[in-house]
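Thanks for making time this morning.

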Amino acid sequence: MAVFIANEQNLPVDETRLQSLAHHALMEEDVDPESELSILLVSSAHIKHLNARFAGNDETTDVLAFPMTESEEENEPMLGDVVISPEIARRNGVKLGHGLSGEMDVLIVHGTLHLLGYDHQGVDDKERMDQRMRQILDSFRVGA
C-alpha cells in the first residue's frame, strides 16, 4: 500500500507518523495491497474553499474525503484523497484535550474510513464508524 502526503501549509506536523497511521488503517481494513491513498495538508482558507466548492458548505472544516469514482478497470489502485487542515485540527485538539497530534491521528483515520465507505449520517452508522476508528487508533498506539 502506498500513502502519499503533500504538505501545503506551514504548521509543523509529523508526516511520518501520519503516513504510518494511514497505512495501518488500510491494513486493519484489509485493503488491497496495491491500493494508494493521498493525504493533502492545507491551510484553513484552502479547506474552506474546498468545502464550499465540493460540499456546498461555506465554512472551515477539519477534514474532507474525496473517494475516487469506481473505474471500469479492476486494477484501479487509487482509493482517493484525504484533505486535512492542521490549523483547524490544532484548534479542535486543544478544545478536546488531546492537542494537534491526537487530533491529526483522529482525522487521518476518520478520513480514511470515509474513503472505505464508512459514514456517520445516521446514529447506527456514526456508532459503527466511531467504534472502528477507536479500534484502529488503539491498535496503532499499542504497536507504536
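Predicted model: local features only at pLDDT ≥ 70, side-chain atom pairs only at ≥ 80, totals over all residues.

F66 is partly exposed, with a relative accessible area of 23%, where buried means under 20% relative accessible area, exposed means over 50%, and partly exposed lies in between, all with a 1.4 Å probe and protein chains only. Residues are numbered from 1 along each chain as its sequence is written, and side-chain values use heavy atoms, with hydrogens and water left out.

The structure holds one aromatic pair, where rings of Phe, Tyr and Trp (its six-membered ring) pair if their centres lie within 6.5 Å, and planes under 30 degrees apart count as stacked, over 60 as edge-to-face and the rest as tilted. That pair is F54 with F66, edge-to-face, at 5.3 Å centre to centre and with 75° between the planes. It links distant parts of the chain, since F54 sits in helix 2 and F66 in strand 3, twelve residues apart; helices (H or I, at least four residues) and strands (E, at least two) are DSSP runs, numbered from the N terminus.

In the loop between helix 2 (44–55) and strand 3 we find N57, which is partly exposed, with a relative accessible area of 34%. Leaving aside neighbours within four places in sequence, N57 is in contact (heavy atoms within 4.5 Å) with K48, N51 and A52.

Now to the sheet. In what order do the four strands of the open sheet lie? The order is 1-2-4-3, with mixed pairing, and two strands pair if DSSP finds at least two bridges between them. Strand 1 (2–7) and strand 3 (63–67) are the edge strands, each pairing on one side only. From one strand to the next the twist averages 15°, with axes being lines fitted to C-alpha atoms, for helices over the stretch in contact, and angles running from 0 to 180 degrees between N-to-C directions.

Helix 1 (residues 15–28) packs on this sheet and touches strand 1, strand 2 and strand 4, its direction making about 145° with that of strand 1. Helix 4 (residues 99–115) lies across strand 2, strand 3 and strand 4, and runs at about 145° to strand 4.

Strand 2 (residues 36–41) runs parallel to strand 4 (residues 78–84), and six bridges join them; E36 stands opposite M78, and L40 has V83 as its bridge partner. Strand 1 is also joined to strand 2 by six bridges, again in parallel, with V3 opposite L37. Five of the six residues of strand 2 are buried, so this strand is largely enclosed by the rest of the structure.

Which residues have the most contacts inside the largest nonpolar core? They are L37, I39, I84 and M104, in a core of 31 residues, a nonpolar core being a set of buried Ala, Val, Leu, Ile, Met, Phe, Trp, Tyr and Cys residues joined through side-chain atoms within 4.5 Å. Helix 1, strand 2, strand 4, helix 4 and helix 5 (123–143) each supply at least two residues of this core, and helix 4 gives the most, with eight. Apart from this core lies another, of six residues, among them L40, V42, L50 and V83.
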